[in-house]
Amino acid sequence: MADFGNISLALALTFCVYALFSLFFGAKTGRRELVKSGEHAVYAVFGFVTLAVLALEVLIMRSDFSIEYVAGYSNRDLPFFYKFASLWGGQKGSLLFWSWILTMYGALVALRNRQHAGKLVPYTLGVLSLTAAFFLIVNKFGANPFERLVVDHGDGARHAFAPQDGNGLNPLLQHPAMVIHPPMLYLGYVGFVVPFAFCMAALLTRELGAGWIKLARRWTLFAWLFLGAGVLLGGRWAYVELGWGGYWAWDPVENASLMPWLTGTAFLHSVIVQERKNMLKVWNVVLILATYMLAIFGTFLTRSGIVSSVHAFAQSSIGTFFATFLVLMGAFAIYLVVTRLEFLKSDNQLDSYASREASFLFNNLVLLAACFAVFWGTLFPVFSELIQGEQVTVGAPFFNKINVPIALFLLFLTGVGPLLAWRKTSFESMKRIFLWPTIGGLVTATACVAFGVRSIYPVMSFSLAVFVIVTLLSEFGRAARARRRNTGENLVSALVGITSTNKRRYGGYIVHFGFVLLMLGFTGRAFTTEGWGEANVGEKFAIGHYDFECLAIEDVSDPNFSGMRATLAVSKGGKKIAELSPEKRFYQASQQTTSEVRMHHALLEDVYVVFSDTKEDTGRAVMQVWVNPLVQWVWLGGFVMVLGTLVTLLPNRKDRAVTRQKRAIEQLLRETDKATVGR
Amino acid sequence: MNHLSAPSRVLSPITPTVLAGCARWGAPIGATRWCHALRLVVLAALVFSSNAFAQSAKTQLKDPALATRFNEVSDRLVCQCGCNMILQVCNHVNCPSAVPMRHSIETQLLAGAPNDSIVAGFVGEYGLKVLSSPPTSGFNLAAWVMPGFALLVGLFAAVYLSMRWAAKRRVAVATPAGPIDPELKRRIEDEMKSV
């Protein structure tokens, strides 16, 4: 099976190189049959990589420990789902998974645009094949997951070797979120290769009008959705599994996933300006190139070992592959932009700073500032070591100090942007539209201060959140009222009606609402309460306004692990609200100890309990407890953002009609072509 | 009942007044819903009205002022066991690095050492990497300055570009339009009539 996997990889690489040349050469020389052949090769590459992935999954399921990767990341007693997830649990397997998703995207782009005439799609598939070829080279020669375990018995010869059992998957990765978090994240990371490929194709063909933007926007939104969902799921995993009471630690690997998401967000906003006003053409190209480079950079950061991170894969030589690829692609992209500047001229005209296009400009600026701050902070330890010879740590306090004000300004723009008109908003109009949101924000600020919130950032965050919510409600309200006047529908039907007629706009507003909830959730972090408690069976301790009574301390065992469990009754104001059973586990295969957190969730606050240890002298269970306000709002906000993005992704009826018409015209043109050739 | 440094909550003076007022409002039927809503708001306010910011209880210090200083110091340091976590956050049981570091902070605080000298002691022992954020001197100042500098450069670029674009617009508006072609005028009028 390992040979089968290896052969599949070799064939995938061969077909990928063929696709690359036939697509570029075919498009350049106008040889349609060569382009068609290249498209078929793209499907074949996806097929062969799928076979390689299946081969590795079969090896994992069979517990074939003669394969180094299988022995390193799975074991016999590992539950089925986690065995399945072992595919992306280690460096080599996850890179193969990366290639699989990338080639799947290639096949989907080929399939979706098979009717599309012109050079843009062949070049796009060519660029996708170029990236795929790089990853397949890494899979084959840098990080091959089908390598066998060998041992030297001292005779100088290398003998095949298969241990009785494997090392097992890292216990921290044995969580349901980890079965879906990496695929989501990869769908996002890899997804950004598609808009980049469209952009490069547009640069190569000099077709830099609205065409590539139209094709790339939906793919960008798709990738942005998955990356955002993946990042949030990662946060959820960290919260549930790592047992430190938080969900975001500004770890380099977390930062690596945030950066392309930020530039992707900037692109999704500025692309609207290009569509409406034919402005910011160069800017959009730069943004999509930056997003791609940051996606690859994130992969490089995770796998090269240049920064230390709890999430990073083992340090390996493939960092050199990635660094070389990044430099070459970056240089090529910059060369293309510089040589195509004359084709990127746009009608940049700004009537007023009080306009929607100006707010988009500032939104982009703020998003890029946030991205730069994260990038700078993540790499500063490397710069520091290079220049001073001494590494410094850039931890959460730095990122919070820099990014909290930026995020608050972004929240402010989220409220202001949608209310401003294109071109210019008059002062009178501004007074009218911002009156209620401003009153809402000021009342909230006063209430916060009155209730004793003394820190400036939480007060600002709550006030701006109310400001944005009022603006969003007024936007929905205004449109729904107008529709009700015309149609006589009830409020709910009117709201559904306005959303379905302009999904992009109102879906965007739903995403903004989700962002507000997310920010409220982040603000809750400022009010976290933490404490330690220890108790034997029947004893009690209190933390915050919660009382904890220890009901039992018992041993637990499973084929995969052994450990201890404490059962606690949690009460608030004398009323029992939950029974929590946190565990402390020891995983035999990996020889690791982990804490299994247990929580009581509520919309207002979570009670988060970690079983830390038992005291040797007293036998008491030692518990670490966090009371985390508003954490659920983070997940709720994420869910609303996903929902809003899905609404935005749905095609409008008008778009569908236009697509149908375009397809009919293209079909007619093809038939006319055939008839002409036949004559 | 075993209390281990459970953090105290300080309510704002207004809170009991509001709660008492709410209790008095209980009777009128029309006010019940409002009263319930206000109670929810007050409950939320209770959650957020704590005067401490991200309270921690990783210290056995009983004096609230010293406990607050313990939090401030441990927030400025990183655990050296390799977990890369802020000393305040590291939750490893019997961590070979976090436990002695915290103990050392407690001892020095009880001995009356100022926060900065405690932190400086750790820097002397472990180097700059023990700090959770880069210091604000020498080359490391760049870590703090660069994001703000980049934002300023971006802001200037955006303002400069937008002023250029605004000027372009003024030129476009100021350019007098030539006389309308009579044929075009006729077509526009025809189109308008057909609408």
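Colleague: What share of the 195 residues of chain B counts as buried?

Modeller: Of those 195 residues in chain B, 25% count as buried. A residue is buried if 20 or more other C-beta atoms lie within 10 Å of its own, exposed if 12 or fewer, and partly exposed in between, with C-beta atoms placed from the backbone. This is a predicted model, where local features need pLDDT of at least 70, side-chain atom pairs count only at pLDDT 80 or more, and totals for chains, interfaces and linings use all residues. Residues are numbered from 1 along each chain as its sequence is written, while chains are lettered from A and ligands numbered from 1 in the order in which they are written.

Colleague: Thanks! How many helices and strands are there in chain B?

Modeller: Chain B has seven helices and zero strands, giving the pattern α-α-α-α-α-α-α along the sequence. Helices (H or I, at least four residues) and strands (E, at least two) are DSSP runs, numbered from the N terminus.

Colleague: And among contacts in chain B between residues at least 6 apart in sequence, what percentage joins residues at least 24 apart?

Modeller: That comes to 51%. Two residues are in contact if their C-beta atoms, placed from the backbone, lie within 7 Å.

Colleague: At what angle do helix 3 and helix 4 of chain B pack?

Modeller: Helix 3 (residues 64–75) and helix 4 (residues 98–110) of chain B pack at about 135 degrees, and their axes are 10 Å apart. Axes are lines fitted to C-alpha atoms, for helices over the stretch in contact, and angles run from 0 to 180 degrees between N-to-C directions. Helix 3 and helix 4 of chain B are therefore oblique to each other. Under that scheme, angles under 35 degrees count as roughly parallel, over 145 as roughly antiparallel, 65 to 115 as roughly perpendicular and the rest as oblique.

Colleague: Which residues make the contact there?

Modeller: Helix 3 of chain B brings B:L66, B:R69, B:F70, B:V73 and B:S74, and helix 4 of chain B brings B:R102, B:I105, B:E106 and B:L109. By class, that contact has five nonpolar, one polar and three charged residues. Ala, Val, Leu, Ile, Met, Phe, Trp, Tyr, Cys and Pro count as nonpolar, Asp, Glu, Lys and Arg as charged, and the others, Gly among them, as polar.

Colleague: Over to chain A. How is chain A divided into domains?

Modeller: Chain A has domain 1 (1–172), domain 2 (175–420), domain 3 (421–524 + 636–662) and domain 4 (527–632). Those bounds come from an automatic or database domain assignment.

Colleague: How many residues of domain 3 of chain A are in contact with domain 4 of chain A?

Modeller: Five residues of domain 3 of chain A are in contact with six of domain 4 of chain A. On the domain 3 side, the largest share, four residues, comes from helix 18 (residues 503–524) of chain A. That side has two nonpolar, three polar and no charged residues. The centres of the two domains, taken over C-alpha atoms, are 40 Å apart.

Colleague: Where is A:R525 placed?

Modeller: A:R525 is in the loop between helix 18 and strand 3 (529–535) of chain A. A:R525 counts as partly exposed, because it has 19 C-beta neighbours inside 10 Å.

Colleague: How do helix 15 and helix 16 of chain A cross?

Modeller: The axes of helix 15 (residues 427–450) and helix 16 (residues 456–487) of chain A come within 8 Å and cross at roughly 150 degrees. That makes helix 15 of chain A roughly antiparallel to helix 16 of chain A. Their contact divides into eleven nonpolar, seven polar and no charged residues.

Colleague: Is helix 14 of chain A roughly parallel or roughly antiparallel to helix 16 of chain A?

Modeller: Helix 14 and helix 16 of chain A pack at about 20 degrees with axes 8 Å apart, and are therefore roughly parallel to each other. Among the residues that meet are A:L408 and A:F412 in helix 14 of chain A and A:L464 and A:V468 in helix 16 of chain A. By class, this contact has ten nonpolar, four polar and no charged residues.

Colleague: Last topic, backbone angles. What phi does A:R206 have?

Modeller: A:R206 has a positive phi of about 65 degrees although it is not a glycine. A:R206 sits in the loop between helix 8 (193–205) and helix 9 (210–242) of chain A. A:W250 also is not a glycine and has a positive phi, of about 55 degrees.

Colleague: Is A:G389 buried or exposed?

Modeller: A:G389 is exposed, with 7 other C-beta atoms within 10 Å. A:G389 lies in the loop between helix 13 (356–388) and helix 14 (396–416) of chain A.
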